[in-house]
Amino acid sequence: MSGARPVALLLPGQGFQHAGMAVELYTREPRFTAVADEFLTALGPEGATVRDDWLACVDGGPADRGTSAQPLLFLIGYAIGEVLASRGIRPAVMVGHSVGELAAATLAGVLDLPAAARILAARCSALEEAPPGGMLAVAGAPETVLDCLRARSVGGSVVVGAHNGPQQTVLAGPEPDLSEAERAVRDGGLVARRVRALEPWHSPAMGPAARRFGAAVAAEPLRPPTIPIVSTRTGRVVTDAEAVRPGFWAEQMAAPVLFWPALDAVLGGGAYTVVDAAPAGGLATLARRHPSVRAGRSTVLPLLAPAGRDAWTVWTEGLARLEPTASPAHAQQR
C-alpha cells in the first residue's frame, strides 16, 4: 500500500499544460473547485479570462503563453495539495518544477493565497519584458547537448533551461537563436521537440522579467516553510533564510530548473510514494526513471490522467491509494 511510505508531492511547471487539464476536478471535486475559485478571484480581472479559457479547453498558442499557463499550473498544483490536506494527506516533502515551486511555497505557508495571486499576476505582467523565444526538450545529457551546440558554433544565448533526467535536457533561449539550436541538435543526431512555451523561461533572456517580478515578491511578507521543499533552483532543501529572501523566488524565472538533482536529493535519501500533480502524469514519467523507483524502493502515483484515460477514475483511485497515509490527528485538525 502507498501508506507504507511518506509522500513526496511533485508540482508542475510550464510545458506540462494541455487543453482540459484538471477540468474534471473543477466540476466534480468540491474542495478543488473552492480553492480554484478563491485563487482566480484573487487574481483580479484576468482571473475570469483564465477560467473561461480553461473551462472552454482552449489549446494551442493562447494556452502556451505564460500569462495563461503559469496561473493555471500554479492553481492545479496548489488546489491538489489543498485537497490532499483536507483529507489528512500531508506530504513529507515537496518538489516544484518552475512555477510549481511557488505552489509548493504557498502550500508550505511561505505565502498565503492572496499574496500568491498578487505575485502570479505580477509574474504574468513581467512577461512584457520577455523576448519571443521558447524551450526545446532534447534527448541527451546536458553536457552532451551543450557539446553539440558548441561544435556547431551556436551562440551562447541558448542555455540549459532544465535538467529533467540523466538523458533529458531542456534548452531555453530567445528566437531566432533557439531555432538555430534546434537545427544544430537535430543535425547532431539528437531527438528534440518543442516544449509548450512561448517565452525563453529559465534563461538569461528572462533576466529583466525576473527583476520586475522580484519587486512584486518583495512587497509581500514571506515566512519559513512549514513543509520541507527541495528546490529545483538549488537541488537541496530550501532554508528558512532563503525562503524569506524575495530574490530566491524571483530569480528562478531566469535560472535553470534542476528537477533531476532535486528529485535525486529526495529519493536518494529514502523511500517515498511520489505523488504527481502534473497534468497527464508528466512528472511521474520523469520520476519513474529514478533508480529508487526502478528498484521498487519508491513508487510513483499520478493523480491526473493521460490522454485516453478516464480522468475521474484516475483521480479517485489515486486518492484511495493515498488515504491510508493520513494522520488521524492531522485529519481532525482539518
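1. Helix α5 (residues 66–86) and helix α6 (residues 100–107) pack at an angle of about 35°, their axes lying 8 Å apart, and the crossing of α5 and α6 is right-handed. On the α5 side the contact is made by Phe-74, Gly-77, Tyr-78, Gly-81 and Glu-82, and on the α6 side by Leu-102, Ala-103, Thr-106 and Leu-107. Contact here means heavy atoms within 4.5 Å. Helices (H or I, at least four residues) and strands (E, at least two) are DSSP runs numbered from the N terminus; axes are lines fitted to C-alpha atoms, for helices over the stretch in contact, and angles run from 0 to 180 degrees between N-to-C directions. A crossing is called right-handed if the near helix is turned clockwise from the far one by less than a right angle, and left-handed if anticlockwise.

2. A word on the basis of these values: this is a predicted model, in which local features need pLDDT of at least 70 and side-chain atom pairs count only at pLDDT 80 or more, while totals for chains, interfaces and linings use all residues. Residues are numbered from 1 along each chain as its sequence is written, and side-chain values use heavy atoms, with hydrogens and water left out.

3. Glu-199, in the loop between β6 (192–194) and α10 (207–218), deserves a look. Glu-199 is buried yet has no salt bridge, and the nearest side chain of opposite charge, that of Arg-65, is 5.1 Å away. Buried means under 20% relative accessible area, exposed over 50%, and partly exposed in between (1.4 Å probe, protein chains only); a salt bridge is a side-chain nitrogen of Lys or Arg within 4 Å of a carboxyl oxygen of Asp or Glu. For charge, Lys and Arg count as positive and Asp and Glu as negative, with His and the chain ends not counted. A polar atom of the Glu-199 side chain does lie 3.1 Å from the backbone nitrogen of Gly-66. Not counting residues up to four places away in sequence, Glu-199 touches a set of residues including Asp-64, Leu-127, Pro-131 and Met-206.

4. The structure holds 18 salt bridges. One of them joins the side chains of Glu-323 and Arg-87, at 2.8 Å from N to O, and this pair links distant parts of the chain, 236 residues apart, with Glu-323 in the loop between α16 (311–322) and α17 (328–333) and Arg-87 in the loop between α5 and β2 (93–96). Glu-323 is partly exposed because its relative accessible area is 34%, and Arg-87 counts as partly exposed because its value is 30%.

5. Glu-220 forms a salt bridge with Arg-118, the closest N and O atoms being 2.7 Å apart. The two lie 102 residues apart, Glu-220 in the loop between α10 and α11 (240–243) and Arg-118 in helix α7 (residues 113–126). Glu-220 is buried at 12% relative accessible area, whereas Arg-118, at 44%, is partly exposed.

6. Within helix α9, Glu-182 and Arg-186 are four residues apart, about one turn of the helix, and they form a salt bridge with closest N and O atoms 3.0 Å apart. Glu-182 is buried at 16%, and Arg-186 is partly exposed at 41%. Both belong to a network of salt bridges that links Glu-175, Glu-182, Arg-186 and Arg-194.

7. Val-185 also lies in helix α9 (residues 177–187), and it counts as buried because its relative accessibility is 0%. Leaving aside neighbours within four places in sequence, Val-185 is in contact with Leu-136, Val-138, Val-145, Cys-148, Leu-149, Leu-171, Leu-190 and Ala-192.

Definitions and conventions: Polar contact = N/O pair within 3.5 Å; in protein donor to acceptor, adjacent residues only side chain to side chain.
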